[in-house]
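Work through the exercises below with the sequence and coordinates at hand. Each task is followed by a stepwise solution.

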Amino acid sequence: MSDKVKVLVVGLGNMGASHASAYHRLDGFEIVGLMSRSIKSKKIPAELSGYPLYEDFDEALKEARPDAVSINSWPNTHAEYALKAIDAGCHVFMEKPLATNIEDAEKVVAAARARNRKLVLGYILRVHPSWIKFIEMGKTLGKPLVMRLNLNQQSSGPAWHWHKNLIDSLIPIVDCGVHYVDVMCQLTGARPVRVHGIGAKLWPEAAKQNYGHLHVTFDDGSVGWYEAGWGPMMSEIAYFVKDVVGPEGAVSIVAGQSESAAKDADEVSDSADIDRHTKTDAIKIHHAKVDADKNFAKPDEIFSMEDEPGHQELCDREQQFFLRAIREDLDLSESMDAAVNSLRIVLAAEQSIEERRAIDLA
């Protein structure tokens, strides 16, 4: 391999364009091609102009001869592209989820292990300092934990189209849910034993249910829920709930709510603004201990996170880690297994919705 890692970028949507920008600017990478099925009819961001364009993955893999492939396409293509890339000897960065079913997810991880190729998943919260701190603080609350997480998104303008297209592959609690059940698993360090899901189809234009709610029970007694809904009808009241409660108190992410006037129809609403999805602003800690008079012994604390990284910087951090994993031959076993585990949980929630029963996890 040359000094620079030659990377083929697949998909130039929200995440693909951000990752491509990172590869373009980071010294350790060299972009050798950009690929999507309709890329030659799309406007390429100015900083990415001049790179070879491909509309066929097999052709791109053969002609570009990359060392690594960055997969940021629709979820139903992830496993197919990853397996072909690994078979060609490439390392893989892949946006979540690993696949649309657990069998394919396990095949991808097994292939990466067998070929000793690096497989890094786009779990952006794992490189976010505020979320790392949130998990660290949550682990001090004792057991069991109660975890409450959601991310509802109002669909209008560009978000109307990308949400509808995403639902063609996966329902919202599966697509985004892998992030947040991964957070639950990190908080508890416990094994998930039972999953229950409910869902509803409120959006006639969407192929599948656009609203869902999943509940997870862990073997240490901890419980958690995650809620996600996309569509033009979704409310922006309490769309961003992120907190964990334990015997010793609670830790909550406090995100700033926009007070701007109504937006033009072609703009993205606050809940669909990709920068809001990871934004924390502050972390609030509530202490449960009371004194002899049963008043709280310690006031709540607020930790400001105003200088936290934005979305593009987080994508840069993911790619810096990907580069380090390749160059230093990092052991990625934990993160690969965690990605399969989180996918297993959200897919069990989808199964629960379809079969109208709770799902026991083996």
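This is a predicted model: local features need pLDDT of at least 70, side-chain atom pairs count only at pLDDT 80 or more; totals for chains, interfaces and linings use all residues.

Residues are numbered from 1 along each chain as its sequence is written, and side-chain values use heavy atoms, with hydrogens and water left out.

**Exercise 1.** Determine the strand order of the open sheet and its edge strands.

Step 1. Strands are DSSP runs of E of at least two residues, and helices are runs of H or I of at least four, numbered from the N terminus. Two strands pair if DSSP finds at least two bridges between them.

Step 2. Strand β1 (residues 5–10) runs parallel to β4 (residues 68–71), joined by four bridges. Val-9 has Ser-70 of β4 as its bridge partner.

Step 3. The six strands, paired in parallel, give the order β3-β2-β1-β4-β5-β6. The edges are β3 (53–54) and β6 (119–121), each pairing on one side only.

**Exercise 2.** Find which residues of helix α2 (residues 57–64) are buried, and how they are arranged.

Step 1. Buried means under 20% relative accessible area with a 1.4 Å probe, protein chains only. Phe-57, Ala-60, Leu-61 and Ala-64 are buried in α2.

Step 2. Viewed down the α2 axis, the buried residues fall within an arc of 95° (directions from the helix axis to the C-beta atoms), so they line one face of the helix.

Step 3. Using contact (heavy atoms within 4.5 Å), the cover over these residues includes β1, β2, β3, β4 and α3.

Step 4. After α2 comes Arg-65, with a positive phi near 50°.

Methods: Buried means under 20% relative accessible area, exposed over 50%, partly exposed in between (1.4 Å probe, protein chains only).
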